[in-house]
Amino acid sequence: MSLYTAVKKVADQNHKSIYQIEHDLQLSNGMISKWNKSMPRADALQDVADYLGVTTQYLFSLARKEK
């Protein structure tokens, strides 16, 4: 699973869309979807994790779990 997929899974559990997260955190449109292919900036990932109420470590472990 990619980091994007991990974020999407947690977002769905919190009834949030990727668009809503990007909008609320003032991230550029489509930034999170790029995490499907590349690593995010640490500050952006931390902001998303905080927004979703999880740790960055949890997102990484979730992404690694279902490869």
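Which helices do the buried residues of helix 3 pack against? Here are my notes, with the answer in point 4.

1. First, what you're looking at. This is a predicted model, in which local features need pLDDT of at least 70 and side-chain atom pairs count only at pLDDT 80 or more, while totals for chains, interfaces and linings use all residues. Residues are numbered from 1 along each chain as its sequence is written, and side-chain values use heavy atoms, with hydrogens and water left out.

2. The overall layout. The chain has four helices and zero strands, running α-α-α-α from the N terminus on. The radius of gyration is 11 Å, close to the 11 Å that the globule rule gives for 67 residues, so the chain is as compact as a globular protein of that length. Helices here are DSSP runs of H or I with at least four residues, strands are runs of E with at least two, and both are numbered from the N terminus. The radius of gyration is taken over C-alpha atoms, and the globule rule is 2.2 Å times the number of residues to the power 0.38. Along its principal axes, the C-alpha trace spans about 30 × 25 × 15 Å.

3. Now helix 1, residues 3-13. Its buried residues are Leu3, Tyr4, Ala6, Val7, Val10 and Ala11. They sit on the same side of helix 1, because they cover an arc of only 160° around the axis. (Buried means under 20% relative accessible area, exposed over 50%, and partly exposed in between, with a 1.4 Å probe and protein chains only; the arc is that of the directions from the helix axis to the C-beta atoms.) Among what covers these buried residues are helix 2 (18-24), helix 3 (42-52) and helix 4 (56-65).

4. Back to the opening question. The buried residues of helix 3 pack against helix 1, helix 2 and helix 4. Those residues are Ala44, Leu45, Val48, Ala49 and Leu52. Seen down the axis of helix 3, they fall within an arc of 135°, so they line one face of the helix. Just after helix 3 comes Gly53, with a positive phi of about 75°.

5. Leu3 lies in helix 1 and counts as buried at 7% relative accessibility. Leaving aside neighbours within four places in sequence, Leu3 is in contact (heavy atoms within 4.5 Å) with Trp35, Pro40, Leu45, Leu59, Phe60 and Ala63.

6. Thr56 gives a view from helix 4. Not counting residues up to four places away in sequence, Thr56 touches Leu45, Gln46 and Ala49. The C-alpha atoms of Thr56 and Ala44 are separated by 10 Å, and these two residues are 12 residues apart along the chain.

7. His15 is exposed, with a relative accessible area of 72%. Another is Gln26, also with a positive phi of about 60° though not a glycine. Gln26 belongs to the loop between helix 2 and helix 3 and counts as exposed at 75% relative accessibility.

8. Asn14 is in the loop between helix 1 and helix 2 and is partly exposed, with a relative accessible area of 35%. The C-alpha atoms of Asn14 and Leu52 are separated by 7.1 Å, although the two are 38 residues apart along the chain.

9. Some whole-chain numbers to finish. Buried residues make up 39% of the 67 residues. Of the contacts with a separation of 6 or more, 55% are between residues 24 or more positions apart. The accessible surface comes to about 4300 Å², of which 50% belongs to carbon and sulfur atoms; accessible areas come from the Shrake-Rupley method with a 1.4 Å probe, and for residues only the protein chains shown count as cover.

10. Last, charge. The chain has 9 positive and 7 negative side chains, and the centres of the two sets lie 8 Å apart. Lys and Arg count as positive and Asp and Glu as negative, while His and the chain ends are not counted. Each charge is placed at NZ of Lys, CZ of Arg, CG of Asp or CD of Glu.
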